[in-house]
Structure formats: C-alpha cells, structure tokens
Amino acid sequence: MRTIKAAAAVALLSLPFLPLPSAAETAAAPPMGWSSRSLGCSVSEQSVRQAADALAPLAPLGYRYVIVDDCWLAAQRDGAALAPDATRFPGGIAALAEYVHGKGLRLGLSLSAGTKACTGGGPGSYRSEAADAAQVKAWGVDYVKYDWCNVPAADFPGQNVQQIAQALYPPMRQALGQDVVFAMNNEDGSTVPWLWGKDAGATTWRTNVYNRPIADSYATMADIWETNQLRAEYAGGGSHADPDLIQAGRGGMTETEYRAQFTLWAMGAAPLILQAAPAQAPASVVANPKVIAVDQDPLGAHGRLVSSDGWYHVLSKPLRNGDRAVALFNESDRAAVISTDLGGRHRVEDLWTGAVSATTGKLAAQVPAHAALLYRVSASREQAPPVVTFEADPPRLLGEDRPSVLEPGVTGELVTRVTNTGATARLRDVEVTAEVPQGWRVEARTPARTSRLDGGETFTVRWAVTAPAEGTHQLTFRQGERSATAVVLVARAPGPGRTYLSDLAWTRAANYFGPVERDTSNGERAAGDGRPLTIEGVAHAKGLGTHSPADIEFYTGGRCTTVTFQAGIDDEVGAAGSAGFEVWADGGRVAYSGLLTGAMPAREVTAPIEGARFVRLVATNGGDNATSDHADFADATITCQ
C-alpha cells in the first residue's frame, strides 16, 4: 500500500487552517471524510481516535467526517436508549464526539431503519426514530448513515419495498433536522432511492445495484460508475448520488485507476469518503485541492456524458463561476486519443498536472488505459501555449484495446504523433525522444525533430524497436515536458509443427476458481492442486484444466492453422458440472463444442485459425451455476507453419 510521503504530508500540514463551517453548510456539499468499514467489527474507540488524528491534516481540504460504520452498538438498549458497546467504546459516544470535534472534524454513526443493525448486533431504529435521533444529536453526532437492514416487511402488508422505505426513511430525516448529514444507504438498490431521495431530504443516496460494498478493483469501480451515471438526472445541489467509498490506498488498483475513480467521483459531485486508513491514502490522489474543488463546487451539479461509445467517455460539469469541468475517461485496456469540441477559444487547465494551455475549440489528449484526465475550462483569450496532443503507438482501429505486439529479437515499428490541437500559436523546435529500457534498441526511422508545427498540423515519427525478452513492457517517449507511454506485449509465436498448448506461454488467462492448470485438472483454489486430467474414466497426460467461465489467450502471429482438443468435464466433480467449449480466432468464434455435462464422454473439437494473430480457448458456463464446472481442454494442440 502507498503512504503519504513526507513532503506531501508537510505540504498538507502547511495548508491554512479553515474554521469548521456549520453542519448546515457542510451538509449542502458532498460530504468528505473517512469510514471505518474496512475495520469491520474490529473498530474501537482507539482506532477511531487514531483515524481522526490522521484525518486532521486533510481537514483544510474538506475531509471532515469520521464515520463509524456499524459494530458500535451494544446488543441491547439501555432501557429505551441506544448504548455503545462497552468493550469497543468504553468512553462512550459523547466523549468520542468531543475528541473528534477537538480535531476540527465531525463524527458520523450508522443506524438501521430496521429492527437490528446490519452488522455486529444491536438494535435498529424501527419505531424509535425520534428518540434515537434526539439521542445521537445529544451525543454530538453530525452525520447519520441510515442502513436498510432487518426491515420487518410483514408490518407493511400490500406495500412494495420502495413504499416501505418511503415510510421509514423520512421520519429519521425529519427528527435529525437539517444540521445533520443524512446518508440513505440501500446497497442493493431495491428501494430505488434516486427516484425520491431528494424529495425525502437525503443528503446522499446510494446508486449502485450491488448487494455488497464496493470492491477494490478496477472492473467493479468502472461498473459502479456507469450505474451511478445513469442516476445523474436525479442528483442536484444538496442531494447527491453516492456510488460508495473512495478506494485509494487499499492496494487493489494502480494509482492511475485510483486517480480515475477520484476524477469520476468528483465529476459526479459524489461523497469523497476514504475507506483506507487516512495515512495510507496517497496524497497524489486524494489531496489535490483543484480536483476536490470540482467535487465540492457550490452548484452541486452532477456531470453529464457529452459523448460515449462504451469505451471512451467525455463528461462535462458546469461550475458556479461559469467555468466547466471536462473529464476524458478511457475505460479500455489500451491508450487512446479522446477528443471533444469545446466551441470557441478557451483556457484549459489540467487539474492533475497543473499545465495551462489554450485552444480555439478542440480539446484532445491521449488517455492511458484505465485513466481519466480532468480539465477546468473557461472562456478566455489568455495567452497560453496551444493544447498539444502527444500520442505513442496510437491504435490502428477505433476500439482496439490490445497492446502492440513484438517478438523477441525481431525489429518492429512504433509510431509517435504530435498534433498542434489548440491551434492558438505555432509550435517551434518540436523534438521527440525515447527512453530506452535496458536491453532494448529504439531508433528513429524518420526525423525526430521539426522546426515548426502550425495549428492543426501533426508531426509523425516512426521508430524501429527491438525487444530482448517476453513480457509486457512500457516505452516512454517525451516531447518537451510532455510524455506518452506505449504498452508493448513481447510474445513468441509457436514454432512450426504440432505443439501442446500446455507447453506454451499464454498472454493472459482468466479462470473462475483458482488458476488455470497445466497438464492437470483445476483442483481447488490453490495453484498446483489438480489431479490427472480424466474425462469419463479416460486419462489424458497433456492439456489445460480450468473452471468455467475461463478464457486463455495465446499469441499465434498469423502463422498457425489448427487447434484441436478433447473437451469435457473432469471426473473430479463426478457427474456434476456443465460447460461449453469455444475457440476464438482474433475477434470471431471459429468452433463450439455444444453443451457438455459431467455425465458425457469427451468430445473432439477442431478449430481453423489460419491467419489469426491471437487465439483464445474459452469455457462458458452451462447455463446453471458454476459450482462444479471443471472444464478440461485435454490433449490440446496447435499446428503452425
């Protein structure tokens, strides 16, 4: 995990102290802070105080709420009153609130609209809304996350879940009053809070449709963002769509991906609540005041999609001073140029790098895979360098998301392009250089310098590139202070003749349960725990053992003709299990086994793959659950020229 570096920490501590605004003022903006969710029921008074200590340096940026998410309640009420767990919170909630307030922060607690809390035991607030609201306010609580757990639906005959929620949430909101942030939390989306949460006075309302908290993974984050974006029309100042917690610092994503999440959440005026310990959240992601200002803009607008083709997204968000924030998000696995027409002349500030440029209308940039760039755009005739689009290894086709491929020791070609996109002035002395990794040879085949580049013109350099070894690598090119990165896959195609696929290196593999196994069955979750590949009593010495759904890709370089294997469900799951076996050559399916079950013998599959650069073996789910789908590609071979 990343930590706040010393220099960044000093910079944060040197920020001017901002007086704590009233709760009513902060409730109008998307709340920022930290949640104890990762601690689960190991949360304690001490751990919350430690989190408050670590969050305090971030308070000048807006991080003010320290939120205890479940496991703080005693199992039973004290008479009619809520009581904190005496072991976890021996000093009580009022003392904890006083400590948190002393740090210039505010305290949040979770409550449940049902009869019991979601986690850790303890009572819910069903039919005790007014008393519980009065009690937590008396303790000094400033934020209530109101969960949807253990709701007695039987008490509401003839009403659907939305109607029940509309009966249970407003009483707590009214009892708390407008000085307390009210976060409506319904993780599976069954109460459709985006349709009515604003009218109910909710400060925030959850928008995802996952019946679980957000996972620290890029794919889940992107899916939740897409769902959140569908709710944009219902959000507005003082009532914000909540796609869940900020994951930066937990370790499951790259810094580029964490920055993308932070950008997308800021464009959506979403709560910025850290899940990682505050000291572990990277300052380079969570402590950028100009990005935070986009999230906290007083207009409270939820950014809307200007354009999207499923992979490449342009979002725009109006800001109160008349500026707008523009985000370019590349959801795909390969860098790509994303552009939009701003109309007229504008000043453009890159909020992540601080670079300022000008354009006569067009904004374009090569956006790395899984990255989001964020700009503040204002109508201005300010003199500034033109917007420049600097590309390394641009895709040949729109939507291509596979890295370029080189073979070890074989010289290939990469291209860089510099375009004077902004067209507000002539660029002079444009030179592109390459940073050469150890053992690589990179040489310009065409001139790498031009004396001038007028508006709208593009300067292209072709590079001869020779890679020494297999693997996925990055090549960085520079033009002045700009850089562009090409991701290159170095792979070796199979040699001539017939080769077992289990003896080759694959370029990528996905497997439902545990890793793909070579020459054994899938086994269990651990690597190397499979058994001899066996289908209906017939053993096979070679092959690939998977658990569907599975997807295994090989680089074939256009030099292979045929893939052959025996498809079947491994005997280690008995007669259970079902799967379909497919072969894909580049973008098309070229063979399918039909549905096979654990009670069927192996079926031979032969697939023509002539001319394909990549071949994939795919095991699909048989239409039921995936519990026993141990799918064997037995005796799998490839024939090449």
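This is a predicted model: local features need pLDDT of at least 70, side-chain atom pairs count only at pLDDT 80 or more; totals for chains, interfaces and linings use all residues.

Reader: How many disulfides does the rule give?

Author: A disulfide is a pair of cysteine sulfur atoms within 2.5 Å. By this rule there are three disulfides. With the bonded cysteines of the protein chain numbered in sequence order, the pairing is 1-2, 3-4, 5-6.

Reader: Which parts does the pair of Cys-41 and Cys-71 tie together?

Author: Helices (H or I, at least four residues) and strands (E, at least two) are DSSP runs, numbered from the N terminus. Cys-41 lies in the loop between β1 (32–35) and α3 (45–55), and Cys-71 in the loop between β2 (65–68) and α4 (93–102), so the pair ties together parts 30 residues apart in sequence. The S to S distance is 1.9 Å, and the link of Cys-41 and Cys-71 is left-handed, with -55° about the S-S bond.

Reader: Is Cys-71 buried or exposed?

Author: Buried means under 20% relative accessible area, exposed over 50%, and partly exposed in between (1.4 Å probe, protein chains only). Cys-71 is buried at 2%, whereas Cys-41 is partly exposed at 33%.

Reader: Where in the chain are Cys-560 and Cys-640?

Author: Cys-560 and Cys-640 have their sulfur atoms 2.0 Å apart in a disulfide. Cys-560 is in strand β34 (residues 560–569) and Cys-640 in strand β39 (residues 630–640), 80 residues apart. Both cysteines, Cys-560 and Cys-640, are buried.

Reader: In what order do the eight strands of the open sheet stand?

Author: Strands of a sheet pair through backbone hydrogen bonds, either parallel or antiparallel. Here two strands pair if DSSP finds at least two bridges between them. The eight strands form an open sheet in the order β7-β6-β5-β4-β3-β2-β1-β8, with parallel pairing. At the edges stand β7 (240–242) and β8 (272–274), each with a single partner strand, so one side of each has no neighbour in the sheet. Three bridges join β1 to β8; Gly-33 has Ile-273 in β8 as its bridge partner.

Terms used
Residues are numbered from 1 along each chain as its sequence is written. Side-chain values use heavy atoms; hydrogens and water are left out.
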